[in-house]
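Please read it alongside the sequence and the coordinates.

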Amino acid sequence: MLISKLYSYDFTFSYRNVDCEKGYADWNVDIDWENVGFGVTPTDYMYVMKCSVDEEFSEGRLIPYGNIELSPAAGVLNYGQGLFEGMKALRREDGKIVLFRPNENALRMEIGAQRMCMPAPSVDLFVEAVKLTALANKRWIPPPGKGSLYIRPLLLGTGPILGVSPAPEYTFLIYASPVGNYFKDGSAPLNLYVEEEFHRACRGGAGGVKSITNYAPALRPLARAKDRGFSDVLYLDSVHKKYVEEVSSCNVFIVKDNVISTPSTKGSILPGVTRKSIIEIARDFGYQASLVEERLIEVEELLKADKVFCTGTAVVVVPVGSITYQGNRVEYETDANRVYKQMLSTYLAIQNGQIEDKNGWIVEIN
């Protein structure tokens, strides 16, 4: 009901230069779909909705993609009061355009908003706004197998505030960009560096929510690792400095003697939607529940694992080829990583409609 209301409100001009009955191959998008990287490509429209601190989000609209205006005293600029999500719209071989578990992203934003003293859109409003944004930018969704439309919902404290206090006004904004592989080498095995000097999060902090404040501090260790030839950084806990937490852009799993394990989320690790899905897939497709564990994992145990892989919305599921810790490099046999391949193929098959979606994960938007 909401989407039809918004459709009539602001969507009538969205395809003014596009014949919606034609296939994607006929649409005027100047992109080499064979070489789409992971970067910002301006699309047609973005979604905006505002409310004050004592109100609830209720109705938004589509506007042309472009810059936004902020007060220099905006809460997000002065105190980092902001959250974001990442999700994808995919074009399948059967012509359907789908989202994968958008409710989970909406729920995670709600939880994050509580931690950051912000109002949040309801789950239904969040999901319908994502659908509308994807539809408005439909011509930018790559052909099947050529990438996806990356959708970035933002929740920002945009009202002016000088003292340390919640902002008086908030903006929920969604933009989108066509993307390919997150890493330059595509799905090639990752080479990770275990970071000991810097920590991503600490107990009692905001590591368990997708706060914008979590990411800028990770830029220096990530840049340093990439300068040394590594793909990404693997962080340890800030208290004992020996338990594995997560990679800067994804969650991590280990396999030992056919047991799949991943660090438990205890407030300092982001509960990834892909992470959750892979755990459920592992339990449904060939692994008993008792053999898929969420627990503390010491770095020494990680180094002795048979296989390691990472999961995330941007990276999906990718194997780890090596991990370097305290100058010692441990390599993993990626060709024999049947667990990673099974998890990835099942995950993609559900998205693409090749395996029945028994859990209601797929949301069609066309």
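Contact means heavy atoms within 4.5 Å. With its neighbours within four places in sequence left aside, Phe309 is in contact with Asn251, Val252, Phe253, Val255, Ile278, Val317, Val318, Pro319, Val320, Val339, Tyr340 and Met343.

The model is a predicted one, in which local features need pLDDT of at least 70 and side-chain atom pairs count only at pLDDT 80 or more, while totals for chains, interfaces and linings use all residues. Residues are numbered from 1 along each chain as its sequence is written, and side-chain values use heavy atoms, with hydrogens and water left out.

**Overall architecture**

The chain contains 8 helices and 17 strands; helices (H or I, at least four residues) and strands (E, at least two) are DSSP runs, numbered from the N terminus. Of its 366 residues, 54% count as buried, where buried means under 20% relative accessible area, exposed over 50%, and partly exposed in between (1.4 Å probe, protein chains only). Among the contacts in the chain with a separation of 6 or more, 71% are between residues 24 or more positions apart.

**Nonpolar cores**

A nonpolar core is a set of buried Ala, Val, Leu, Ile, Met, Phe, Trp, Tyr and Cys residues joined through side-chain atoms within 4.5 Å. The largest such core has 42 residues, and those with the most contacts inside it are Tyr47, Ala89, Ile151 and Phe172. Two or more residues come from each of strand E1 (45-52), strand E4 (87-91), strand E5 (97-100), helix H3 (102-115), H4, strand E6 (148-157) and strand E7 (169-179). H4 gives the most to this core, with 9 residues. Apart from it lies another core, of 24 residues, including Phe183, Cys250, Cys310 and Tyr325.

Ile151 belongs to strand E6 and counts as buried, at 0% relative accessibility. Beyond residues up to four places away in sequence, Ile151 touches Glu85, Gly86, Met87, Ala89, Leu99, Val130, Ala134, Ile174, Tyr175 and Ala176. The C-alpha atoms of Ile151 and Met46 are separated by 9.9 Å, although the two residues are 105 residues apart along the chain.

**Helices**

Two helices can be compared with their expected span, which is 1.5 Å times one less than the number of residues.

| Helix | Residues | First to last C-alpha | Expected span |
|---|---|---|---|
| H4 | 14 residues (123-136) | 20 Å | 20 Å |
| H6 | 12 residues | 17 Å | 16 Å |

In H4, 13 of the 14 residues are buried, so this helix is largely enclosed by the rest of the structure. The buried residues of H6 include Val273, Thr274, Arg275, Ser277, Ile278, Ile279, Ile281 and Ala282.

How is the packing of two helices described? Two packed helices are described by the angle between their axes and the distance between the axes. For H6 (residues 273-284) and H8 (residues 338-351), the axes come within 10 Å and cross at roughly 105°. Axes are lines fitted to C-alpha atoms, for helices over the stretch in contact, and angles run from 0 to 180 degrees between N-to-C directions. H6 and H8 are therefore roughly perpendicular to each other; angles under 35 degrees count as roughly parallel, over 145 as roughly antiparallel, 65 to 115 as roughly perpendicular and the rest as oblique. Thr274, Ser277, Ile278, Ile281 and Ala282 in H6 meet Met343, Thr346, Tyr347 and Ile350 in H8. The residues of this contact comprise 6 nonpolar, 3 polar and no charged, given that Ala, Val, Leu, Ile, Met, Phe, Trp, Tyr, Cys and Pro count as nonpolar, Asp, Glu, Lys and Arg as charged, and the others, Gly among them, as polar.

**Buried strand residues**

Phe309 is located in strand E14 (residues 307-312) and is buried, with a relative accessible area of 0%. Phe309 and Lys341 are 32 residues apart in sequence and 9.9 Å apart in space, C-alpha to C-alpha.

Ser322 lies in strand E15 (residues 316-325) and is also buried, with a relative accessible area of 0%.

**Positive phi values**

Arg101, in the loop between E5 and H3, has a phi near 55°, a positive value in a residue other than glycine. Arg101 counts as buried, at 8% relative accessibility. Gln326 is found in the loop between E15 and strand E16 (328-331), and its phi is near 50°, again positive in a residue other than glycine. Gln326 is exposed, with a relative accessible area of 52%.
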